[in-house]
Amino acid sequence: MVDGFPYEVPEEYQNRPLLKGRATVDMKVKVKDNPNLEECIFRIVLDGYNAPVTSGNFVDLVERHFYDGMEIQRADGFVVQTGDPEGPAEGFIDPSTEKTRTVPLEIMVIGEKMPFYGSTLEEKPSIRKQLSVFFSPFSRIFQELGLFKAQTRLPFNAFGTMAMARDEFENNSGSSQVFWLLKESELTPSNANILDGRYAVFGYVIKNEDLLADLKVGDVIESMQVVSGLDNLVNPTYKIAG
C-alpha cells in the first residue's frame, strides 16, 4: 500500500493498475477548423483516493500512449468523449490476454470509507466488495433500500468533470472511453442530476476547461502526459508491455 492510502482495494482488483493518490495529466489537443484556437493543453487532476481502480486504469493507458493521435469522437454540447480505438473493439485490448480490459463501476459515497463497486446508487447494491468492518452504521440499511439519496464524493458538479464511459446496461463495461461534462454546474447541481452515482467520476479539468466547449469531432489528441503523481501508480502494466 502506498504510504497514507486509507484503505485496501477489494482483493479481486488488487492486481490491477491502481492510482493510490492523485496524479496530474496534460492533454494536448490539435484543433481543426477553428481560426481562434489551433491547439490547447488541458490539465486534468485525477483522484485515486476516491477512484483508485478507474484512475489507475486511465494512467496506465496514458503511459501506454493509448490516447496519442486519437480523435475526439463525440462533442454534442453536453459532453466531449474519446477513447474508442479503431477496429471492432470498443475498449483497450490487453495484449497479455487478447481481451478487452474492463474496470468496475466505482462510486465513493460521502460517509463511507471505501467505494462501492459494480452497482449504481439507484440500484440495490449486489454483495458489497469490502469487509463489514468498514461499513458505516447505515450501510446495511442502504443495501436494502438502495443509495439513490446518497451523495457522491466526486460529483458531476463542474464544467470539465471527467468520468468513465460504459455500456448503459452493463455497469462493469468501462475500459478506455472517457468523457468530460460540458454542462454548467448550475444546471447539474451535485447529486441532483441523472449522472451522479451512475458513472464513475475520477477527475476534473482544472486548466482551460472552458475551451472543452470549442472541441469538435475530429480534433486530435496529440499527446497525454502524466506530469505528476506517476509514483502513486501501482501494478503498472505499461512497464511490462514496454
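I started with T82, which stands opposite V178 in β11. Strands here are DSSP runs of E with at least two residues, helices are runs of H or I with at least four residues, and both are numbered from the N terminus. The model is predicted, so I kept its rules in mind: local features need pLDDT of at least 70, side-chain atom pairs count only at pLDDT 80 or more, and totals for chains, interfaces and linings use all residues. Residues are numbered from 1 along each chain as its sequence is written, and side-chain values use heavy atoms, with hydrogens and water left out.

Next I looked up how β5 and β11 (residues 178-181) go together: they pair in the antiparallel sense over four bridges. Pairing means that DSSP finds at least two bridges between two strands.

Then I checked the faces of β5. Both are covered, with V79 and Q81 buried on one side and V80 and T82 buried on the other. Buried means under 20% relative accessible area, exposed means over 50%, and partly exposed is in between (1.4 Å probe, protein chains only).

On to β4. Two bridges join β4 to β5, and the two strands run antiparallel. Which residue of β5 is the bridge partner of R74? I found Q81 there.

The two strands form a hairpin with three residues between them, and G77 in the turn has a positive phi of about 90°. While there I noted a salt bridge: the side chains of D76 and R74 meet at 2.7 Å, N to O. A salt bridge here is a side-chain nitrogen of Lys or Arg within 4 Å of a carboxyl oxygen of Asp or Glu. D76 is partly exposed at 44% relative accessible area, and R74 is partly exposed too, at 36%.

At the β13 end I looked at β2 with both of its neighbours. Nine bridges join β2 (residues 22-30) to β3 (residues 39-47), running antiparallel. V29 has C40 as its bridge partner in β3. On the other flank, β2 and β13 pair in the antiparallel sense over seven bridges, and K30 has V220 as its bridge partner in β13.

How many salt bridges does a search of the whole structure find? I got seven. One is D26 with R43, where the closest N and O atoms are 2.7 Å apart. D26 lies in strand β2 and R43 in strand β3, so this pair ties together parts that are 17 residues apart in sequence. I also checked cover: D26 counts as buried at 15% relative accessibility, whereas R43 is partly exposed at 30%.

E222 forms another one with K28, the closest N and O atoms being 3.6 Å apart. Since E222 lies in strand β13 and K28 in strand β2, the pair ties together parts that are 194 residues apart in sequence. Both are partly exposed, E222 at 33% and K28 at 27%. I also noted that salt bridges that share partners join K28, E39 and E222 into one network.

**Loops with positive phi**

H65 has a positive phi, near 60°, and sits in the loop between α1 (52-63) and β4. N208 has a positive phi as well, near 65°. Its place is in the loop between β12 (201-207) and β13. Is N208 buried, partly exposed or exposed? I have N208 down as partly exposed, with a relative accessible area of 25%.

**A negative patch**

Last stop was the surface, where E90, D167, E168 and E170 gather in a patch of negative charge. A patch takes residues with over 30% relative accessible area and no salt bridge, joining like charges within 9 Å and nonpolar side chains (Val, Leu, Ile, Met, Phe, Trp, Tyr) within 5 Å. Accessible areas come from the Shrake-Rupley method with a 1.4 Å probe, and for residues only the protein chains shown count as cover. Asp and Glu count as negative, Lys and Arg as positive, while His and the chain ends are not counted. The place of a charge is NZ of Lys, CZ of Arg, CG of Asp or CD of Glu.

E90 is exposed, with a relative accessible area of 60%.
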